[in-house]
Amino acid sequence: MVTFDEFRAMALTLPEAAQEPTWGIETLRVRGKVFAMGAPEGDSVTVKASHEDQAELIAAEPEVFSFARYVGRHGWVSVRLDLVDPEELQDLVTEAWRRTAPKRLVGAFDADHSA
């Protein structure tokens, strides 16, 4: 089980990640672009993914992952916080950030974490 606060903390450890309330939920952004979102009182969060990753996640664990409302057609996936493995969620959040962050920022992040 992962709490919303733990999810938010995972996202905010990434370079230049920031939290901004929008549409009545908390959005997690890098340089103004959203890579993850959710409501503190909710039981799920939404992360940016590719269409391929979205399909694989939903097929593998449909009880944990689902097609995100409103943004699912763009590859976003909803994640049940009470069922997701914390390490898997960390990986998904990091990949969502990587898809959204500028290439130079991702390159610097990779250089710092490859040693």
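Strand β2, residues 25-30, is mostly covered in this predicted model. Five of its six residues are buried.

β2 has a pairing partner in strand β1, residues 17-22. The two run in the antiparallel sense, and six bridges join them. Within this pairing, Pro21 stands opposite Glu26 of β2. β1 and β2 form a hairpin, with two residues between the strands. Trp23 lies in the turn and has a positive phi of about 55 degrees.

β2 also pairs with strand β3, residues 33-38. This pairing is antiparallel as well, over five bridges. Here Glu26 stands opposite Gly38 of β3.

Aromatic contacts were then counted. The count comes to two aromatic pairs. The pair of Phe4 and Phe7 is tilted, because its planes stand at 50 degrees, between the cut-offs of 30 and 60 degrees. The ring centres of Phe4 and Phe7 are 5.6 Å apart. Both residues belong to helix α1, residues 4-12. Three residues separate their positions, about one turn of the helix. Phe4 and Phe7 are both buried.

Conventions: Residues are numbered from 1 along each chain as its sequence is written. This is a predicted model: local features need pLDDT of at least 70, side-chain atom pairs count only at pLDDT 80 or more; totals for chains, interfaces and linings use all residues. Side-chain values use heavy atoms; hydrogens and water are left out. Rings of Phe, Tyr and Trp (its six-membered ring) pair if their centres lie within 6.5 Å; planes under 30 degrees apart count as stacked, over 60 as edge-to-face and the rest as tilted. Helices (H or I, at least four residues) and strands (E, at least two) are DSSP runs, numbered from the N terminus. Buried means under 20% relative accessible area, exposed over 50%, partly exposed in between (1.4 Å probe, protein chains only). Two strands pair if DSSP finds at least two bridges between them.
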